[in-house]
Amino acid sequence: MSDCIFCKIIAGEIPSAKLYEDELIYAFLDISPINFGHALVIPKEHHQSASTIPEETAGRMFHVASRIGILLKRMEEFDAYNLHLADGTAAGQVVMHAHLHVIPRGAEDGFRWNWRQLTYPEGKMAEIASEISAKLAGKIRD
Ligand code: 5GP
Ligand code: ZN
């Protein structure tokens with residue numbers, strides 16, 4: 001896609017600190033990291049949403065992201081890593097080329113997810129599960 005910043009990075013039109021590349025995916029360092037080593041793994045094909053990425057490519061993204069996470073743990077002072085993907089503006093997606101964040105984490109790194117925990121009213125959990133599972137049936141390979 002011609003006006004996509006990540007497509008330009010893949011094409012080499014914008015420089016990046018490349019970590020890995022194969023026929024399906026490209027991995028590089030995030031320019032504004034949560035912690036140093038914070039990486040992004042993207043499909044070479046332009047997809048705005050993760051939902052349209054072919055299964056093989058999505059699997060490769062997850063596999064390589066996990067390998068990078070393990071390496072970051074070994075290389076630096078980190079204990080762990082988060083994989084994060086924002087799909088849509090309300091979820092925090094700013095660059096509209098799907099990307100998987102690999103965020104190295106340390107127990108004392110000072111970063112906290114602002115993660116609230118709601119409680120389902122009586123019956124709501126079963127109702128939502130039933131609606132999703134009915135709609136999901138038969139759609140996984142679409
Ligand atoms: P999002 O909020 O869309 O999930 O994350 C987009 C990420 O892309 C941000 O963490 C941002 O720092 C990173 N980013 C945006 N533009 C560039 C760029 O030109 N180069 C690199 N390496 N990262 C970028
Ligand atoms: Zn793109």
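This is a predicted model: local features need pLDDT of at least 70, side-chain atom pairs count only at pLDDT 80 or more; totals for chains, interfaces and linings use all residues.
Figure 1. Because Asp22 lies in the loop between strand 1 and strand 2 (25-29) while Arg60 lies in helix 2, the pair ties together parts that are 38 residues apart in sequence. Asp22 counts as buried, at 10% relative accessibility, where the word buried stands for a value under 20%. The pair also belongs to a network of salt bridges in which Asp22, Glu23, Glu56 and Arg60 are linked. As a general point, side chains of opposite charge can pair when their charged atoms come close.

**Figure 2. The salt bridge between Lys44 and Glu21.** A search of the whole structure finds nine salt bridges, and one of these is shown here, formed by Lys44 with Glu21, whose closest N and O atoms are 2.8 Å apart. Lys44 lies in the loop between strand 3 (39-43) and helix 2, whereas Glu21 lies in strand 1 (residues 18-21), so this pair ties together parts that are 23 residues apart in sequence. Lys44 counts as partly exposed, at 26% relative accessibility, and Glu21 is likewise partly exposed, with a relative accessible area of 33%.

**Figure 3. The salt bridge between Arg112 and Asp109.** In this view Arg112 forms a salt bridge with Asp109, and the closest N and O atoms are 3.9 Å apart, which falls inside the cut-off because a salt bridge is counted when the nitrogen is within 4 Å of the carboxyl oxygen. Arg112 counts as exposed at 56% relative accessibility, while Asp109 counts as partly exposed at 22%.

Figure 4. The negative surface patch is formed by Glu76, Glu77, Asp79 and Glu108. Among these residues, Glu76 is found in the loop between helix 2 (55-75) and strand 4 (80-84), and Glu76 is partly exposed, with a relative accessible area of 40%. The nonpolar patch on the surface is formed by Leu19, Tyr20 and Leu29, which together have about 240 Å² of accessible area. Leu19 lies in strand 1 and counts as partly exposed, at 41% relative accessibility.

**Figure 5. Helix 3 and the glycine that follows.** Helix 3, made of residues 124-136, has 13 residues and reaches 18 Å from its first C-alpha to its last, a span close to the 18 Å expected at 1.5 Å a residue. Helix 3 is followed by Gly138, whose phi is positive, near 80°.

Figure 6. Cys7, found in helix 1 (residues 5-10), counts as buried at 13% relative accessibility. Cys7 and Ala134 are separated by 127 residues in sequence, and their C-alpha atoms are 36 Å apart in space.

**Figure 7. The whole protein, as a setting for the close-up views.** The protein has three helices and five strands, and from the N terminus on these elements run α-β-β-β-α-β-β-α. Along its principal axes, the C-alpha trace of the protein spans about 50 × 40 × 25 Å.

Terms used
Residues are numbered from 1 along each chain as its sequence is written. Chains are lettered from A and ligands numbered from 1 in the order in which they are written. Side-chain values use heavy atoms; hydrogens and water are left out. Patches are made of residues with over 30% relative accessible area and no salt bridge: like charges are joined within 9 Å, nonpolar side chains (Val, Leu, Ile, Met, Phe, Trp, Tyr) within 5 Å. Accessible areas come from the Shrake-Rupley method with a 1.4 Å probe; for residues, only the protein chains shown count as cover. A salt bridge is a side-chain nitrogen of Lys or Arg within 4 Å of a carboxyl oxygen of Asp or Glu. Lys and Arg count as positive and Asp and Glu as negative; His and the chain ends are not counted. The place of a charge is taken as NZ of Lys, CZ of Arg, CG of Asp or CD of Glu. Helices (H or I, at least four residues) and strands (E, at least two) are DSSP runs, numbered from the N terminus. Buried means under 20% relative accessible area, exposed over 50%, partly exposed in between (1.4 Å probe, protein chains only). The expected span of a helix is 1.5 Å times one less than its number of residues.
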